[in-house]
Amino acid sequence: MYGEFIMTKLFIVFGLIFGLTTSLFAQDDIPEIEISGYVGGVTDYRDRGLSLSDQDPTIVAAFSIRHKSGFYVGTQGALIDDQFRRDGQLEFFAGYQFESGGFEYDLSTELDSFFGGDNNEYFPEFKASIARDFGIAYIKTGLAYAPEGRWNTPGVDSLYWSANFEFPVPTLPELTLISRVGYDFRQDRSDLWDWSIGLSAFVGDLEFSIAYEDSSLDQEIGDDAIVFGARLYF
């Protein structure tokens with residue numbers, strides 16, 4: 001009943017947004033498209049504080065296409081080594097982003113796919129977020145609902161809340177203090193906290209990062225770690 005209630009509300013929201021923006025989209029005879037993405041590597045591929053690469057270095061990549069109306073589609077993924085012996089993860093996503101009253105709103109749906117090893121699995125997820133740049137800090141918070149569970153708890157409903165913070169370092173515009181806190185409400189399982197704090201620095205289109213990540217899961221994949229990363233954006 002809980003899952004059906006959340007699903008119904010999410011579909012209503014998506015329907016309203018789609019209805020409000022379809023006419024605007026149809027009137028634009030010459031769409032303006034932005035293509036972006038990155039390739040890079042990390043010393044440990046983490047998902048909400050949990051290691052998907054067995055705490056080993058791996059390759060990450062992303063690609064997206066955005067229309068000026070606010071609609072976008074894309075994919076991101078990595079080579080992994082998870083507890084189910086799978087060796088690849090791809091996340092396909094589509095959504096709509098818009099601004100109003102100085103705030104950024106984002107509604108999206110995602111399909112998280114895992115392949116290789118013993119089995120292939122797919123997990124849908126629905127997300128909604130709100131963000132604002134306050135000058136001294138950029139703050140984003142949102143909810144994500146996974147009706148079929150996620151990779152570490154298949155079949156267990158998950159409602160995940162998160163907040164992300166970015167603080168530009170004064171006099172050093174290329175350097176940003178980044179942090180995140182999240183809480184996962186899991187059906188018939190103990191809930192989980194995760195958090196991280198670190199630094200990000202840009203040199204042209206190349207981003208370097210270092211972050212301390214941890215979670216409340218009492219398993220090896222949830223142990224704390226310092227994660228280094230490098231991504232080349234295009």
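**Figure 1. The second largest cavity of this predicted model has a volume of about 50 Å³.** A cavity here is a set of points on a 1 Å grid over the protein atoms alone where a 1.4 Å probe fits but cannot get out, and lining residues have an atom within 4 Å of a point. The volume is the space filled by probe spheres set on the points, which are joined across faces, edges and corners. Its lining consists of Glu91, Glu110, Leu111, Asp112, Phe123, Pro124, Glu125, Ala146, Gly149 and Arg150. Strand S7 (103–115), strand S8 (121–133) and strand S10 (149–150) each give two or more residues to this lining; strands are DSSP runs of E with at least two residues, helices are runs of H or I with at least four, and both are numbered from the N terminus. By class, four of the lining residues are nonpolar, one is polar and five are charged, where Ala, Val, Leu, Ile, Met, Phe, Trp, Tyr, Cys and Pro count as nonpolar, Asp, Glu, Lys and Arg as charged, and the others, Gly among them, as polar. As this is a predicted model, local features need pLDDT of at least 70 and side-chain atom pairs count only at pLDDT 80 or more, while totals for chains, interfaces and linings use all residues. Residues are numbered from 1 along each chain as its sequence is written, and side-chain values use heavy atoms, with hydrogens and water left out.

**Figure 2. The largest cavity holds about 80 Å³ of space.** How many cavities of 30 Å³ or more does a search of the whole structure find? The search finds two. Around the largest cavity you will find Asp47, Arg48, Leu50, Arg150, Asn152, Tyr160, Asp184, Leu192, Trp193, Asp194 and Ser215. Strand S14 (residues 192–203) supplies the largest share of this lining, with three residues. Sorted by class, the lining has four nonpolar, two polar and five charged residues.

**Figure 3. Ser158 sits in strand S12 (residues 158–169).** Ser158 counts as buried because its relative accessibility is 1%; buried means under 20% relative accessible area, exposed over 50% and partly exposed in between, with a 1.4 Å probe and protein chains only. Its side chain makes a polar contact of 2.6 Å with that of Asp184. Such a contact is a pair of N or O atoms within 3.5 Å; within protein, one must be able to donate a hydrogen and the other to accept it, and residues adjacent in sequence count only if both atoms are side-chain atoms. Beyond four places in sequence, Ser158 is in contact (heavy atoms within 4.5 Å) with Ala144, Tyr145, Ala146, Arg150, Asp184 and Phe185.

**Figure 4. Tyr122 is a residue of strand S8.** Is Tyr122 buried or exposed? With a relative accessible area of 52%, Tyr122 is exposed. Not counting residues up to four places away in sequence, Tyr122 touches Leu111, Asp112 and Ser113. Tyr122 and Pro154 are 32 residues apart in sequence, with 9.5 Å from C-alpha to C-alpha.

**Figure 5. Arg85 lies in the loop between strand S5 (71–79) and strand S6 (88–100).** Arg85 counts as exposed because its relative accessibility is 62%. Leaving out residues up to four places away in sequence, Arg85 touches Gly116, Gly117 and Asp118. The C-alpha atoms of Arg85 and Asp118 are 6.3 Å apart, and the two residues are separated by 33 residues along the chain.

Notes:
On a 1 Å grid over the protein atoms alone, a cavity is a set of points where a 1.4 Å probe fits but cannot get out, and a pocket is an open set with protein on both sides within 12 Å along at least five of seven lines; lining residues have an atom within 4 Å of a point.
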